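Please read it alongside the sequence and the structure.

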2 protein chains.
Amino acid sequence: MLVNKHQNIIDNAVKANHERTFYSQYPEHPKAYGEEAHAKGVQSYQQLLGKPFKQLLQTGETGWSGEEVSPYTREVLGVTYPVFAIGDLLKKATEAGKSWAKVPVAERAGILTETLERIKDYFFDIANATMHTTGQSFMMSFQASGPHANDRALEAVATGYHELQRYPPTLTWEKPMGKTSIKLYKTFKPIPKGPGVVIGCSTFPVWNTLPGVYADLITGNPVIVKPHPKAVLPIAIAVSAIQQSLQDNGYDPNLCQLAADSSDHLIAKELCGHPDVKLIDYTGGSAFGNYVESLPGKTVFTEKAGVNSVILDSVTDLDAVIQNLAFSVSLYSGQMCTAPQNFFIPEQGIKTANGQVPFNDVVQKFKEAVVGLVNHPKMGAGTLGAIQNDSTLTRAQEARHLGGKVILEGTPVVNEEFSNARVCAPTILEVTSADTAIYEKELFGPVILIIKTRDTAHSIQLAKQMASKYGAITCGAYTTDPSAKEKIAEEMNSVFTPVSFNLTGFIWVNQHAAFSDFHVTGGNPAGNASFTNQEFIVKRFVWVGNRELAE
Amino acid sequence: MLVNKHQNIIDNAVKANHERTFYSQYPEHPKAYGEEAHAKGVQSYQQLLGKPFKQLLQTGETGWSGEEVSPYTREVLGVTYPVFAIGDLLKKATEAGKSWAKVPVAERAGILTETLERIKDYFFDIANATMHTTGQSFMMSFQASGPHANDRALEAVATGYHELQRYPPTLTWEKPMGKTSIKLYKTFKPIPKGPGVVIGCSTFPVWNTLPGVYADLITGNPVIVKPHPKAVLPIAIAVSAIQQSLQDNGYDPNLCQLAADSSDHLIAKELCGHPDVKLIDYTGGSAFGNYVESLPGKTVFTEKAGVNSVILDSVTDLDAVIQNLAFSVSLYSGQMCTAPQNFFIPEQGIKTANGQVPFNDVVQKFKEAVVGLVNHPKMGAGTLGAIQNDSTLTRAQEARHLGGKVILEGTPVVNEEFSNARVCAPTILEVTSADTAIYEKELFGPVILIIKTRDTAHSIQLAKQMASKYGAITCGAYTTDPSAKEKIAEEMNSVFTPVSFNLTGFIWVNQHAAFSDFHVTGGNPAGNASFTNQEFIVKRFVWVGNRELAE
């Protein structure tokens, strides 16, 4: 039994979920997977190019479609994916869901862990595919789409394993009635709501997709994965691994289907609106996110746009802080939903262990650190990665016209390995606190705004207002003052925004660790869901209790 | 500390919630509260009549209002309640909520249990008030508004106590990095979403209100109770007990405020629409329920209308079954949200241990059992209670014109104790399966529809369709055939409707026991919430985690 085979993994994950201390089932370092894995992955990725992707176990396609372009080579990948009629996808999902709903949750957890182990075999293929669709560096592609995504998926499996076994499936209820009693035989069943649809994005096609996929599956729901048409390959490989593993173990591969579409004929709206679809997980822009949240009769989990802030009050070692922040804003060219955008700095500058550093000096140091990093021959290219698409590039390069003072222009940066790569330095603008029209928007990509405030209280007020009105996934704060720290925590937490204090060295505000950090709180406009709190699981099924008179 | 004082109660409740075996903190038999309690309760209830209700600890009222009429005496109670400006209620709630949010959950559980113990002192006052506002019999008034309501409230407290302490509040996270490691100090806080509003109904003013009140409070939210203007007194007494207990123990009584209104000037819409209101619990008709569910930016918990079915297939002892069902439909004149309305009986009749009983004979037996019960000198009045309002009475008495064949007319029934009581026998109609226009509606009150079907498969199909389209809170089923039983369970559960099988004797489909039976599943149009599953608690707060670099 797969349950027994993986019991240890599942038990560890359940424990980690509760304790929230460090835990990882899938090592994040590529070397943990053997010396040859990297080279093999490049090879098998290259063998996928220029062909129809035939690894899926789905049948009945109405055509083939593919339009991916590498942000590094700017060449078309040439991979095409089968396209299916929406009614056909739902019919197969519903059919597959019928028997899946009856599979005990422990058995579901067993086979789902087995599918994760199968995905592991493709980590390097997925990493290369992620790199050449999203523009992430190889290392981020490997970690985010490989071990980190699998850990987040396992987190959902473990939460479901725990929640669905919360009550005894059968019991005898006996109510004393004087000298006699009434006995009822009761059953409690978690009935799945499904089918589910998971809508992916172009920057984190696996990491943002697998949690919803595994949350649907562990709660007994079939799932249809609708990737972004510009970032299909990484998740197509993962879905094909899931399907193969399901089939090998006697389960219907249609429990997890891929529904690729094309920019000419996007299907997300029609798919989400289909009356049989009951669960929707969505990552992407706020306009469509708000639309799916408003659909009646659907249970919806979203991660949308937000405006992340950094509040600078006082520090011990300003250089260490600036280095940390320069990396945070440069990492994958600000295309992370957790990347900081708005830096609130008091006009009187920052208190440090070596005295007050004036505002302009802080800004100058920050600029220099960013310039130094992005032009660093060893660090620059790997940190920035490439920009996923032309509109992000254009927005970043046009940002200098937004207003305020241009501190750093987003000029092109050379990537030695890929001379065609879409890379530019971050644009840094200094604006006043009155320029809300500039800094209240998410400027996705490498655009950083430094906002001069009256003082830290003013910084907190503005950062809170942004999070409350426009959403925030993270907030970084630097202070050596306990009362400022308490105030920042209280105010930002009150708008359901987590705060990372005083990070320096090899840990950044952008990082959320599976089994410990909740990703998105679900409480502000940046999204209504959270990886992986109870809601992310318990809203996908309904407890139904039957009773029978026990004779 | 109140936590320590009540630790045992809380621990027992948490355990019961998980095990779902029989448990009750508050005995349901009036005699458990002493021989004199009943008489004293009548007396103190009578002392409340004809006066302003001054027991609340709220100030700043803009006027007084009251319009309750006893369904038994048809006399005006003459109690008036203070009326407050909505902005004032919210301001006080928000203020009270600030410090409450910081009270540790264990301490909250302690004081909330203390408030329940204080309510217990008023069980008999509340019982008389419930009787003379809802029309419930004394016994039902006592049980539903007293011990059963308190048990449901404690259930919410216990679920919150468990959920909010699910994660360690502080911990050190240490990620190995080769020979070194990164250490973060982390905190996890459940941040309340509040303030909350709980909108009550006229038939179960306490039972349907306390779960939302205590769910809001245990999760750190202040709450405003908006009762139905025709059933204020029972919950006003409970709220005043809560306020007194809060104040006696050093907490702000405005954590739980009463917001009475009048039929001339209903405030539910304005109150729910207030931007500061974040949580809404609602019991009542579907039109307003659907409206509150659609409000953006609010977390909403509803119990709305539904159509409950009984599927009759085969029985051992038909008389025992018929007696049980006659009581179920007569109890409180069908004014329970759990009362069965639609009886699906196959045209070929019912198989029994003594052979097949023809359809017409089953109907005749059912009619006779109902007539026998409602006219029974000892049983009748106490079972029927009184009809809460004139429109329910009119609907019940006009039901004979709905169509189909009139089996029993809803003629007046005499209540010996209260000659003016609003009482009538249930109307029983026999209709065909084609008469969906008649039986697809909730006919709240004493109206029973017997639907002649082709066979049990047809009965299941129709009952399922009703539950799916119009909602259902309960389903009763009688079958001695294991395969029919499995099919009924599977089909009704698939539309998130629980099934009670083969109930006879002193247990009825109408009854849902705290700590064991979920009340409403939340999965079909009868309501989106459930007393008390995880969702009922975890949607009222947001987990927010802060991190700090540990030196």
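How much area is buried between chain A and chain B, and what percentage of it do carbon and sulfur atoms give?

## Extent of the interface

The area buried between chain A and chain B is about 5,600 Å², and carbon and sulfur atoms give 57% of it; buried area here is the accessible area (1.4 Å probe) that two parts lose on being put together, summed over both. On the side of chain A, the residues that lose the most area to chain B are Phe22(A), Arg166(A) and Arg547(A), which together account for 13% of what that side buries. In terms of contact (heavy atoms within 4.5 Å), 66 residues of chain A meet 67 residues of chain B.

This is a predicted model, in which local features need pLDDT of at least 70 and side-chain atom pairs count only at pLDDT 80 or more, while totals for chains, interfaces and linings use all residues. Residues are numbered from 1 along each chain as its sequence is written, chains are lettered from A and ligands numbered from 1 in the order in which they are written, and side-chain values use heavy atoms, with hydrogens and water left out.

## Polar and charged links

Across the interface of chain A and chain B there are 12 salt bridges, each defined as a side-chain nitrogen of Lys or Arg within 4 Å of a carboxyl oxygen of Asp or Glu. Arg547(A) forms a salt bridge with Asp517(B), with 2.9 Å between the closest N and O atoms.

Several elements of chain A, including α1 (2-19), α6 (138-163) and β19 (541-549), each supply at least two residues of the side that touches chain B, and β19(A) gives the most, with eight residues. Helices (H or I, at least four residues) and strands (E, at least two) are DSSP runs, numbered from the N terminus.

## Strand pairing between the chains

β18(A) pairs with strand β19 (residues 541-549) of chain B in the parallel sense over two bridges, pairing being assigned if DSSP finds at least two bridges between two strands. Phe501(A) stands opposite Glu548(B) in β19(B).

## The setting of Tyr470(B)

Tyr470(B) lies in helix α16 (residues 456-470) of chain B, and its side chain makes a polar contact (2.9 Å) with the side chain of Glu440(B).

Terms used. A polar contact is a pair of N or O atoms within 3.5 Å; within protein, one must be able to donate a hydrogen and the other to accept it, and residues adjacent in sequence count only if both atoms are side-chain atoms.
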